[in-house]
Structures are given as C-alpha cells and as structure tokens.
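Subject: Structure to look at, with notes

Hello,

Please find the structure below, with its sequence, and have it open while you read the notes that follow.

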Amino acid sequence: MVVFSCILLQHSNSCYLHIRLLFQTRLSITEGHEVLQNLTVHRNSTSVPEAVREILTRSYPVYQCLKMKLLNFHALAEQIQGQVKEISGREASINTLVVAIKRFSDTLPDSSGPEASRVLKEARVSLSSGIVDVTIRVPRTQFPGIVKELADAAIELSEFPNIFPLTSSIKLILPGDDYALVRGKLEHHGQAATMANVARITLNLSPRAEMTPGIASYITELLFRNGVNILDAFLGYSDIVMVVDDEDGPIAYDVLQREIQSNIVQ
C-alpha cells in the first residue's frame, strides 16, 4: 500500500510540493503476493525500462502524480529498485532508474487541463436513490422476451428501466419499487442477482462529447479521486449511467455538479 504524505513548504516567494512515499510492506506499489508473482513471471525476459513502466503503470496514485509532474524521480527510484530486480532479474543503479522513470514520465500527457473537462460545461447530472441493479444470466435468445415483458409492464412503472444486454446476461437498473412490480414476471427466465439499495448517477452530455476523447476516463478518474466506489458503469456518447454505493450517491452528484459549475464560470 502506498501512502502519500504531502507537505506544502513555502520559502520566500517560492512554493514547493514535497511528496514522501511511505511503503508499509515490501511490495509497496504492488500489493499482495499474487500480484508480485504475476509480475515476476517475466524474470530475465523483461528489460529494466519495461519493468519500470510496468511498476509505475500498475500504481494508480504514482501514475497520476507522474502525470502531474509532482514526484521526485530519485526518491521514487530508491523505492522501486528492489521491485525492478524482482521483475527483470537485473541489478539497476539509481541513476539508471531515474533515467527510465523520466523517459516514462515524458510519454505521459499533461493532466493539468484536459479538454474532456470542458465538455461538462453543457452537461446535466441526476441522482436516483433506492435503485436495484439486476443481472439475469440467460442466453441472448431470451433477451427479446425480457425486453417485451418490461415494455408490457411499463405502464405500471414509474420510469422505463435502463436495459443493458451483455454477452451472457442482461442488466436492468430500475427503482426498487418498480423491480418489486416486475420481479415475478422475470423469475421464469432464471436466477437474478441483485444489488439493492444502491444509487444511480446519470450524466447527460452535450453533442460535443462525441468528438472529445477521454471523457469517460476523465469522469471515472474524477470520481475515483473523490473516493466514490463505482459498482457498474455504462458509458455512451451522450449518456453515462453509473451505479454507486448508496452513501456515495450524494458525493458523486456534488463532485460532478461542482465540475459542471466550474466549467460554466470559465
């Protein structure tokens, strides 16, 4: 587990951001024995720069700090030196690792002002609580029957459910009260796995979003950085539907609403 300790130091007219990496286990950036085993299968066939890239890419906090140019390369090299040896089977000096880290960092895009964020200027966000996330595992041949039954029952429902056909299952996202009404009609299709009492965040994007790369990853990263646990996400050009823990719903809504408002002001 990586713990970041950030201390803002001011001296005269200069401002310095000091980041210390405190590693609580031997694995530091990559947690768990199984992860280390997966990394070390490349021993003796992975170069030092490739090992550095693999380690840094797998650590989300370190990767983001590299994108924002906030890390001290020398300190980071000292922390990953042992892991590089584990993966590549080669000894690498600190200077060699610093060069590899810098080259990797230079390939990353600057995240200071992504175009994706400006698309939210014309977006609308809504929050629904008391939602049920239903997964029915059935052959694809049964999908039309499920959709037809939901369409027939639509007059009884408060809203038409979100329906997402997957490879070997069909996903329904609808209010808990609506699911109680149609549950009996769907049971003959097979066992349904449900996540009850979750929240649904719906983001309606402007037509400009279709021409903007990275909008989905920008939004999911934004929520991740604010501690929101996304249980399900369905990403489209004009609509993004996310299912989150019930307690995370208001947080996700506030985060997205603030982002939308900040882009309106710009």
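This is a predicted model: local features need pLDDT of at least 70, side-chain atom pairs count only at pLDDT 80 or more; totals for chains, interfaces and linings use all residues.

Residues are numbered from 1 along each chain as its sequence is written, and side-chain values use heavy atoms, with hydrogens and water left out.

Phe 104 is one of the buried residues of helix H5, together with Ile 94, Leu 97, Ala 100, Ile 101 and Ser 105; helices (H or I, at least four residues) and strands (E, at least two) are DSSP runs, numbered from the N terminus. Seen down the axis of H5, these buried residues fall within an arc of 135 degrees (taken from the directions from the helix axis to the C-beta atoms), so they line one face of the helix. The face turned away from that buried side carries the exposed residues Asn 95, Arg 103 and Asp 106.

Phe 104 also takes part in an aromatic pair with Tyr 63. Rings of Phe, Tyr and Trp (its six-membered ring) pair if their centres lie within 6.5 Å, and planes under 30 degrees apart count as stacked, over 60 as edge-to-face and the rest as tilted; by this rule the count comes to two aromatic pairs. The ring centres of Tyr 63 and Phe 104 are 6.4 Å apart and their planes stand at 55 degrees, so this pair is tilted. Because Tyr 63 lies in helix H3 (residues 60-67) and Phe 104 in helix H5, the pair ties together parts that are 41 residues apart in sequence. Tyr 63, at 22% relative accessibility, counts as partly exposed.

The pair formed by Phe 164 and Phe 234 is stacked, with 3.8 Å from centre to centre and 5 degrees between the planes. Phe 164 is in strand E4 (residues 162-165) and Phe 234 in strand E7 (residues 230-235), so that pair links distant parts of the chain, 70 residues apart. Phe 164 is buried at 18% relative accessible area, and Phe 234 is buried at 14%.

Turning to the interior, a nonpolar core is a set of buried Ala, Val, Leu, Ile, Met, Phe, Trp, Tyr and Cys residues joined through side-chain atoms within 4.5 Å. The largest such core has 22 residues, and those with the most contacts inside it are Leu 120, Leu 203, Leu 205, Ile 219 and Leu 256. Strand E6 (192-204), helix H9 (215-225), strand E8 (239-245) and helix H10 (249-265) each give two or more residues to this core, with the largest share, five residues, coming from H9. A second, separate core of 21 residues includes Leu 71, Leu 76, Ala 77 and Ile 101.

Thr 202 is found in strand E6 and is buried, with a relative accessible area of 15%. Leaving aside neighbours within four places in sequence, Thr 202 is in contact (heavy atoms within 4.5 Å) with Arg 124, Val 125, Ser 126, Ile 240 and Val 241.

As for the whole protein, there are 10 helices and eight strands, and buried residues make up 39% of the 266 residues.

Best wishes

Conventions: Buried means under 20% relative accessible area, exposed over 50%, partly exposed in between (1.4 Å probe, protein chains only).
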